[in-house]
Amino acid sequence: MGKPKRERSLSDSEAQAVARNLRVSPRKLNLVAGLIRGKPVDTALADLEFSRKRIAQDVRKCVMSAVANAENNHGLDVNELVVSEAYVGKNLTMRRFTARGRGRASSIVKPFAQITVVVRQKSDEENEKAASKKAKAAKGSKSAATKPAKETA
C-alpha cells in the first residue's frame, strides 16, 4: 500500500539536482552559483571547469547530475539545456572552540551549504527569440560601424 506519489513540482521540460553538505559558507557558494545562472549548460560547465574557486568542482558535479537527470529521467535534449535556476541554502553548522588568554574560549563556526541546480530545455519559441536578438544586435553594431565618425575641431 504505501502513500500516493507526490506531484512533480517542476514542469516536464525541467530537471534538477541537489548537492548537500558542501563544506563552504552559503555566501561563498552563491558567488559560484551566480557564475552559471541563465547560461547554456556547456558554457556553465566550461566556466566551472576553469574557475579558481575550490567549491566550483562540486558545483560542476551537481550541474552534470542535473543534465544526467534531464537526459535519462525526462528524455530532454542535452544540447538545448540552460541552467534556469541555481540557488543556495544553509545547512548544518559545526561549532568548535579555540583557547584564548586567561582561560577563556572563543568559538569557531564551520558552516555547510547546499545548492540546487534546475536545468530547463529551451523551447522553439525561445530559440527563435534568441536568434532574432542576435540578428538585431549584429545589425545594430554593423550600422554603427559603417557610420562615419564626427570630426572634432
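## Where α1 meets α3

In this predicted model, L29, V32 and I36 of α1 touch A56, V59 and V63 of α3, with contact meaning heavy atoms within 4.5 Å. Sorted by class, that contact has six nonpolar residues, no polar ones and no charged ones (Ala, Val, Leu, Ile, Met, Phe, Trp, Tyr, Cys and Pro count as nonpolar; Asp, Glu, Lys and Arg as charged; the others, Gly among them, as polar).

Helix α1 covers residues 26–36 and helix α3 residues 56–74; they pack at about 50°, their axes 10 Å apart. That angle makes α1 oblique to α3 (under 35 degrees is roughly parallel, over 145 roughly antiparallel, 65 to 115 roughly perpendicular, and the rest oblique). Axes are lines fitted to C-alpha atoms, for helices over the stretch in contact, and angles run from 0 to 180 degrees between N-to-C directions.

## The core

I115 and V119 touch the most other members of the largest nonpolar core, which has 29 residues. Such a core is a set of buried (under 20% relative accessible area, 1.4 Å probe, protein chains only) Ala, Val, Leu, Ile, Met, Phe, Trp, Tyr and Cys residues joined through side-chain atoms within 4.5 Å. The biggest giver is α3, with seven residues.

Setting aside neighbours within four places in sequence, I115 contacts, among others, L29, A33, V59 and C62.

## Reading notes

Residues are numbered from 1 along each chain as its sequence is written. Local features need pLDDT of at least 70, side-chain atom pairs count only at pLDDT 80 or more, and totals for chains, interfaces and linings use all residues, while side-chain values use heavy atoms, leaving out hydrogens and water.

Methods:
Helices (H or I, at least four residues) and strands (E, at least two) are DSSP runs, numbered from the N terminus. Buried means under 20% relative accessible area, exposed over 50%, partly exposed in between (1.4 Å probe, protein chains only).
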